[in-house]
Amino acid sequence: MIQVNNLTKVYKLSKKQMAEQKTKKNMKKAVDNVDIKAVPGEIYGLLGPNGAGKTTTLRCIATLLKPTEGDISVCGLDTVTQSEGVRNKIAFLTNEIKLDPQFSPTYMFRFFGRLHGLTEAQINERMKVLFEQFGITDFKDKKIDELSTGMKQKAAIAVSLVHDPEVVIFDEPTNGLDIVTARTVTDYLKELRAQGKVVIVSTHIMTEAEKLCDRIGIIINGQKVMEGTLSQILTETQGEDLEDAFFRLYEKYNTEEVR
Ligand SMILES: Nc1ncnc2c1ncn2[C@@H]1O[C@H](COP(=O)(O)OP(=O)(O)OP(=O)(O)O)[C@@H](O)[C@H]1O
Ligand SMILES: [Mg+2]
């Protein structure tokens with residue numbers, strides 16, 4: 001289970017960042033008092049526009065950032081005081097983490113398998129299953145550098161799952177993928193759900209959230225402004241579809257005073 005309690009994350013901005021963001025304030029509240037609970041057998045979707053705080057939230061859950069306020073537990077372990085335990089339980093995928101371009105998918109898979117303490121036999125077994133699942137076998141020994149965007153993404157996903165983690169945290173997993181490759185990824189996330197894993201993804205693709213996620217948390221300017229199943233969100237907003245519901249919420253909450 002993932003439990004996020006009153007998460008607030010404030011970034012301290014450098015002079016350069018202040019100039020870039022055209023602000024006089026040297027602090028940016030990227031996540032503002034957010035609660036999230038995601039349970040085994042569920043795909044929870046964080047939906048929000050650019051800069052809403054999705055990646056920041058997921059990085060806090062994945063132990064890569066410390067909350068400014070609030071706390072997070074993953075499988076009952078605290079992400080700050082028990083971060084190593086948490087890292088053994090999770091797969092984390094984000095666009096900012098790139099596989100080393102000079103190595104092959106096979107090399108990276110073995111490297112991370114050993115890092116997680118798997119035996120060679122376990123690594124080979126997992127590699128067979130995951131490389132077949134994602135169609136990586138044909139290019140498994142090519143340099144990452146020589147692979148297409150989709151191939152790289154599939155390799156990164158397979159590597160992130162080497163240790164068969166209980167919790168899967170994927171930041172925009174289908175970003176930049178064609179519909180065929182995107183479907184391979186979303187189908188696999190459904191399979192992980194069927195296996196009883198906890199899955200949390202971020203996306204700004206409405207149709208993906210509609211089709212894939214059991215529950216959706218809509219995040220605007222760092223605040224979770226609504227949460228529920230698709231039908232709950234449509235009922236509450238009186239929106240025709242998720243895009244319509246989203247725009248209603250965006251008009252209501254994207255105001256100067258909350259920014
Ligand atoms: N390292 C950082 N230092 C300062 N500000 C940051 C940093 N990382 C993110 N921010 C700011 O925090 C806010 C939230 O960013 P975040 O990357 O979490 O958004 P996001 O919802 O993932 O957006 P996107 O859809 O573009 O990926 C933005 O205003 C961003 O500029
Ligand atoms: Mg992001």
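At what angle do the axes of helix H4 (residues 105-115) and helix H6 (residues 149-160) cross? In this predicted model, the two axes cross at roughly 20° and come within 9 Å. Because angles under 35 degrees count as roughly parallel, H4 and H6 are roughly parallel to each other. Their crossing is right-handed. The contact is formed by Pro105, Met108, Phe109 and Phe112 of H4, which meet Ala155, Ala158 and Val159 of H6. The residues of this contact comprise 7 nonpolar, no polar and no charged.

A further element of the model is an open sheet of 4 strands, arranged in the order E2-E1-E4-E5 with antiparallel pairing. Strand E2 (27-38) and strand E5 (77-78) form the edges, each pairing on one side only. E5 is joined in the antiparallel sense to strand E4 (residues 69-74) over 2 bridges, and Val74 stands opposite Leu77 of E5. Helix H2 (residues 54-61) lies across strand E1 (2-12), E2 and E4, and runs at about 120° to E1.

The greatest contribution is that of H2, with 3 residues. Of the 14 residues around the ligand, those that come nearest are Tyr11, Ala30, Lys54, Thr55 and Thr56. By residue class, the shell around ligand 1 consists of 4 nonpolar, 8 polar and 2 charged residues.

How values were computed. Residues are numbered from 1 along each chain as its sequence is written. Chains are lettered from A and ligands numbered from 1 in the order in which they are written. This is a predicted model: local features need pLDDT of at least 70, side-chain atom pairs count only at pLDDT 80 or more; totals for chains, interfaces and linings use all residues. Two strands pair if DSSP finds at least two bridges between them. Two residues are in contact if their C-beta atoms, placed from the backbone, lie within 7 Å. Axes are lines fitted to C-alpha atoms, for helices over the stretch in contact, and angles run from 0 to 180 degrees between N-to-C directions. A residue is near a molecule or strand if its C-beta atom, placed from the backbone, lies within 6 Å of it. Ala, Val, Leu, Ile, Met, Phe, Trp, Tyr, Cys and Pro count as nonpolar, Asp, Glu, Lys and Arg as charged, and the others, Gly among them, as polar. Angles under 35 degrees count as roughly parallel, over 145 as roughly antiparallel, 65 to 115 as roughly perpendicular and the rest as oblique. A crossing is left-handed if the near helix is turned anticlockwise from the far one by less than a right angle, and right-handed if clockwise.
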